[in-house]
Amino acid sequence: MKTPLGALVALVGFALAGATGAQEAKVQLKDGPGKDKAMQCIACHSLDYIPMNSRFLDKAGWTGSVNKMINVFGAPIPKEDVEAIASYLAQNYGKPPAK
């Protein structure tokens with residue numbers, strides 16, 4: 001007969017094992033114009049941030065985010081790529097339009 005503590009430890013162990021497995025999936029960006037420019041983001045961070053923020057950012061938000069990465073964090077992205085990256089992100093990962 002298992003003790004309540006033993007059952008709790010087993011439950012937490014299963015939950016952690018499931019969470020670890022879920023994190024192993026690698027984010028693949030959707031195909032589309034500007035994807036090659038958006039791939040520059042991996043110079044500083046994983047691509048996980050793109051789908052994580054997609055429900056919050058429209059084109060203006062993505063433009064601001066890319067500019068912040070360049071101006072505040074020093075991302076090695078040419079200024080002339082900002083428009084292509086923001087357009088790609090808004091088109092493929094942008095905030096859904098309000099209904």
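The model is predicted: local features need pLDDT of at least 70, side-chain atom pairs count only at pLDDT 80 or more, and totals for chains, interfaces and linings use all residues. Residues are numbered from 1 along each chain as its sequence is written, and side-chain values use heavy atoms, with hydrogens and water left out. The chain has five helices and zero strands.

**Fold and surface**

- From the N terminus, the elements run α-α-α-α-α. Helices (H or I, at least four residues) and strands (E, at least two) are DSSP runs, numbered from the N terminus.
- Of the 99 residues, 22% count as buried. Buried means under 20% relative accessible area, exposed means over 50%, and partly exposed lies in between (1.4 Å probe, protein chains only).
- Take the contacts in the chain with a separation of 6 or more: residues 24 or more positions apart account for 66% of them. Contact means heavy atoms within 4.5 Å.

**Nonpolar core**

- The largest nonpolar core holds 16 residues, of which Leu29, Ile50, Trp62, Leu89 and Tyr93 touch the most other members. Helix 4 (59-71) and helix 5 (82-93) are the elements that give two or more residues to this core. Helix 5 gives the most, with six residues.
- Such a core is a set of buried Ala, Val, Leu, Ile, Met, Phe, Trp, Tyr and Cys residues, joined through side-chain atoms within 4.5 Å.

**Tyr93 and aromatic contacts**

- Leaving out residues up to four places away in sequence, Tyr93 touches Gln28, Leu29, Lys30, Ile50, Pro51, Ser54, Leu57, Trp62 and Tyr88.
- The charged end of Lys30 sits over the Tyr93 ring, 4.9 Å from its centre. The rule asks for NZ of Lys or CZ of Arg within 6 Å of the ring centre and within 35 degrees of the ring normal.

**Two loop residues**

- Asp81 is in the loop between helix 4 and helix 5. Asp81 counts as buried because its relative accessibility is 8%. Its contacts, not counting residues up to four places away in sequence, are Lys37 and Gln40.
- Lys26 lies in the loop between helix 1 (4-22) and helix 2 (35-38). Lys26 is exposed, with a relative accessible area of 69%.
- Lys26 and Leu47 are 21 residues apart in sequence, and their C-alpha atoms are 8.3 Å apart in space.
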